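Please open the model in a viewer and keep the sequence panel beside it. The stops below are meant to be selected one after another.

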Amino acid sequence: MAFDGITVAAVVSELNRTVVGGKINKIAQPEAEELMITVKNHRTQYRLFLSASASLPLIYLSEENKPGPLTAPNFCMLLRKHIGSARILSVSQPGLERILVFELEHLNELGDICRKKLIVEIMGKHSNIIFCQEDLTIIDSIKHISASMSSVREVLPGRTWFIPHTQEKLDPLAMDRTMFENAVFPMDRPIFQALYQSLTGLSPLMGEELCIRSGIDPKKSAGALTPHEQENLWQAVEHLTEQIRQEAFAPTMFCQEQEPVEFAAFPLTKYRDLENIPCDSMSRVLEQYYSMKNRITVIRQKSSDLRRIVTTALERTEKKYALQQKQKKDTEKKEKYRVYGELLNTYGYHLEEGARSLKALNYYTNEEITIPLDETLSAAGNAKKYFERYNKLKRTEEALNKLLEETRSDLEHLESIRTSLDIALDEEDLVQVREELMEYGYIRRKGPSGKKKKIVSRPFHYRSGDGFDIYVGKNNFQNDELSFRFATGNDWWFHAKGQPGSHVIVRSNGEELPDRTFEEAARLAAYYSRGRQAPKVEIDYTQKKNLKKPNGAKPGFVIYHTNYSMVAEPKIQGIEEVK
């Protein structure tokens, strides 16, 4: 994620179309290093979100409101006093620096027109929001930086604001070809590094992107480029700077498996294989990107305790299953003991007293075998002893077969719960998973167990390209609900073959499904399964009337004997989700 100078340029372009000329209506400071400024312009209300957080500095127009505390901080009170009803004259960006300068006009206590500047620096841990006089004398800032904190620049009331040039970089919008070549090509480092270390406003990501557009390996040394490669790179840089000058931005978010990977002010060749989501504004990209990132982070944090419980239970169950399999293997000796007993009853009549073994022809295989004996017992006694061993192992095998089936069922159940945790997107989804874990004894239920908590989580709802509704269960309870209470006899059911995953139901409405709908439903079943990372997943599908649920089976478990199969890619791009 690169909030670089190009992203700032896209935000500035958007702000010039929306808030410039508008009047500040409200200023709030929701967090110590954040501002929410409400602007009225063009008969529309805009919420401008500014953050100087060291971990996540941002600026964009937000659709969400973040109210401030009951008692406003000093910096917020200062801004309200001076520019609480100011007009925004302009928003500018020096070169391609990660800096926005708001020029504001307001009336002072005497009614005279005054001008101030609000400067937002988006510079990682050095980010700040600085309030200045028109001559750039600092009135105050959201973060005070003293000489002991920075030897480059103090940010304190009374000091003069300036851009700290810690590195000599070229402004891409003001350079010519000779300046570019002299700055970039002599550097002894990978070309993508040479680009972002020589040009203002470029991130490592954009440095790589320019190389890819030019057909150059980003890791190739800048000094090793051929004249042809140098020409291609200059053309790519010139094309990019021309797009910025013309404000021809195309804000895009790049996602993989519904998880945001990156954003940029332009489509990126590097991510052409990912899902590209174009947006009408840079603000919308930023708000959606960080909202989705935050939601995924939160849900992973909240599911971590459940995931730990499931992982621990799986490890224990796998060990138990391995031990039972070993015990089952040991029972394979039972047939040998039965044969020993039979052969002793057949040939033991001539056995000498005190003999330690008996050689006899095994009439099942026509081979001679040696039978170990207890010399203190007769032939009949040894035969009885072997038959007792055989019967004991036979009983053990029968018990183990039942235990193995139960343990295998537990493993499949736990695997399905782990898949449900991977699918969960909201806290409500986790409530159902937690309820299932409590119901099967993996979590101790706290409080009264008579009433179950009402759960509002709903399955995913998609619509096929042919207009058929497709529903996807997020967990085992929803899978049962979809397959046995929601679906009707002629609806179609899809599921990844031989692995945990969601039940996918297509409402047929009594019609014959087109091939495209079958393919889309299969892709959904592949995506919402444990095989999500595989290139292809085999999918079983059948009509609902062919499904059966055995008595006492765990949620999500079904059997069927009539089905079709197909192979599908676990990709859901292009399938409409119904919110």
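The model is predicted: local features are described only where pLDDT is at least 70, side-chain atom pairs count only at pLDDT 80 or more, and totals for chains, interfaces and linings use all residues. Residues are numbered from 1 along each chain as its sequence is written, and side-chain values use heavy atoms, with hydrogens and water left out.

**Stop 1: the largest nonpolar core**

Select Leu15, Ile59, Leu100, Phe102, Phe180 and Leu195. Of the 89 residues in the largest nonpolar core, these six touch the most other members. A nonpolar core here is a set of buried Ala, Val, Leu, Ile, Met, Phe, Trp, Tyr and Cys residues joined through side-chain atoms within 4.5 Å; buried means under 20% relative accessible area, exposed over 50%, and partly exposed in between, with a 1.4 Å probe and protein chains only. Helix α1 (residues 5–18) gives the most to this core, with seven residues. Helices (H or I, at least four residues) and strands (E, at least two) are DSSP runs numbered from the N terminus.

Centre the view on Phe180 next. Which residues does Phe180 touch, not counting residues up to four places away in sequence? They are Leu170, Met175, Phe185, Leu195, Leu199, Leu233, Trp234 and Val237, where contact means heavy atoms within 4.5 Å.

**Stop 2**

Select residues 128–133. Five of the six residues of this strand, β8, are buried, so β8 is largely enclosed by the rest of the structure. Strand β7 (residues 113–121) pairs with β8 in the antiparallel sense over six bridges; two strands pair if DSSP finds at least two bridges between them. Lys117 stands opposite Cys132 in β8. The β7–β8 hairpin has six residues between its strands, and Gly124 in the turn has a positive phi of about 60 degrees.

Four residues separate β8 from β9 in their hairpin, where Leu136 in the turn has a positive phi of about 75 degrees.

**Stop 3: a three-stranded sheet**

Move on to the open sheet with the order β11-β10-β12 and antiparallel pairing. β11 (259–264) and β12 (275–278) stand at its edges, each with a single partner strand, so one side of each is left without a neighbour in the sheet. Direction ignored, neighbouring strands of this sheet are turned by 30 degrees against each other on average. Strand β10 (residues 252–256) and β11 are paired over five bridges, with Gln256 the bridge partner of Glu259 in β11.

**Stop 4: an annotated span and helix α10**

Select residues 390–417, where UniProt places the feature "coiled-coil region" in an unreviewed entry. UniProt positions are given in the numbering used here, feature names are shortened, and annotations may be inferred rather than shown by experiment. This span is 100% helix and 0% strand, and its end C-alpha atoms lie 40 Å apart.

Then select helix α10 (residues 427–439). Its buried residues are Asp429, Leu430, Gln432, Val433, Glu435, Glu436, Leu437 and Met438, and they pack against α7 (282–330), α9 (379–423) and α11 (476–486). After α10 comes Gly441, whose phi is positive, near 80 degrees.

**Stop 5: the seven-stranded sheet**

Finish at the open sheet with the strand order β20-β19-β17-β18-β16-β15-β21 and antiparallel pairing. β20 (564–568) and β21 (576–577) stand at the edges, each with a single partner strand, so one side of each lacks a neighbour in the sheet. Two bridges join β15 (residues 460–463) to β21; Arg463 has Glu576 as its bridge partner.

Colour β16 next. Both faces of β16 are covered: Asp469 and Tyr471 on one side and Ile470 and Val472 on the other are all buried. Four bridges join β15 to β16, and Phe460 stands opposite Val472. The hairpin of β15 and β16 has five residues between the strands, with Gly467 in the turn at a positive phi of about 90 degrees. Towards β18, β16 pairs over three bridges, and Val472 stands opposite Val504.

Note on methods:
Axes are lines fitted to C-alpha atoms, for helices over the stretch in contact, and angles run from 0 to 180 degrees between N-to-C directions.
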